[in-house]
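Here are a few friendly notes to read alongside the model. Please keep the picture open as you go through the points.

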Amino acid sequence: TPRLLGHALHSQIEMHRAYGGVVPELASRDHIRRVLPLADAVMAEAGRPLSAIDAVAYTRGPGLAGALLVGSGVACALGMALGKPVIGIHHLEGHLLSPFLSADPPVFPFVALLVSGGHTQLMLVDGVGRYELLGETIDDAAGEAFDKSAKLLGLDYPGGPALARLAQAGDPQAFRFPRPLLHSGDLDFSFAGLKTAVLTQVKKLAHARPEGPATSRLADPLTPQQRADVAASVQAAIVDVLVKKSLAALEATGLRRLVVAGGVGANARLRAQLDAACQRRQVRVHYPELHLCTDNGAMIALAAGLRVQAGLADAALHQPDYRFDVRPRWPLAELAPAPGAAD
Ligand code: KG4
Ligand code: ZN
């Protein structure tokens, strides 16, 4: 099993917070400033020279084109300078495989719940590069539902962790928010309606307060307890749906192993409820280490390493190609080998 020699990360959260969200142009300019010092830092931590590198991995997509271009440009330049192959990796494949770096790695096959700021998907994972989409969100991602609800409550970017913190002091049953598609019979999700329900509830509470509704910040008139109750109730609604659909996916596939990945996988309530539900059903749940739940380079390097091991990177290894192209939109299912292709 692969092992992590070094890992370095620069978070742009402070910058995004200052602008209330991601500004693509600023994000990619900051990538340019950070990428080489970070590469130096990670090699220093690993205690290896650049010449020890066998291959350079980069995120080819999906994501913001400008940011992807910085990483792919640097990776290809580095690969060319070192005479080493470069391997373009799917961002979500990195998340999916990230639990293999944990002390308790999964074995194939398993069901994966991918929950990030941009994606909410249930996948059947048969092996490296063998992914089948079981269901996904038809509108907002789970992370978006956290972030948008948090914004309505006046919390800072990124809203997910802030909302989860606020929810600790709240009553998850204080308000009954919708659980969209809970009984739809398929494995799809929908979270767009939730933010409307939260908006309506926050407005109602604000109007009922003696101070009346605030003009600028909607949630200002709410008491701390009301804000915590809204946070706890939204979180409960999102988590309920994620748990129910994950169990349905396990049922549908007959599998007894679940992997949870992506930023929302760091959510403590989600982990607690999944653990409890899966224990009752004798299903094993695997999580990435907490610091590898949100976006990171280690999972991209890992995915490349596993692809090499699985023989899925032969073309890149034997005919290194430094002409890079990024895939801002790139369905994960496109990574699946063609039917009949050799394993
Ligand atoms: O995977 P990720 O780091 O980036 C994307 O690829 O999107 O996921 C980021 C998302 C954000 O929406 C963030 O609010 C959410 O994950 N998130 C959380 C928590 N930590 C991060 N949501 C709920 N609870 C958390 N503890
Ligand atoms: Zn991500």
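1. A search of the whole structure turns up 15 salt bridges, a salt bridge being a side-chain nitrogen of Lys or Arg within 4 Å of a carboxyl oxygen of Asp or Glu. This is a predicted model, where local features need pLDDT of at least 70, side-chain atom pairs count only at pLDDT 80 or more, and totals for chains, interfaces and linings use all residues. Residues are numbered from 1 along each chain as its sequence is written, and side-chain values use heavy atoms, leaving out hydrogens and water.

2. Start with Asp 30 and Arg 34, whose closest N and O atoms are 3.2 Å apart in a salt bridge. Both sit in helix α2 (residues 24-46), 4 residues apart, which means about one helical turn separates them. Asp 30 is buried, at 3% relative accessible area, while Arg 34 is partly exposed at 36% (buried is under 20%, exposed over 50%, partly exposed in between, with a 1.4 Å probe and protein chains only). Helices here are DSSP runs of H or I with at least four residues, strands are runs of E with at least two, and both are numbered from the N terminus.

3. Finally, look at Arg 217 and Asp 220, a salt bridge with its closest N and O atoms 3.4 Å apart. Arg 217 is partly exposed at 46%, and Asp 220 is partly exposed at 45%.

Definitions and conventions:
Chains lettered and ligands numbered in written order.
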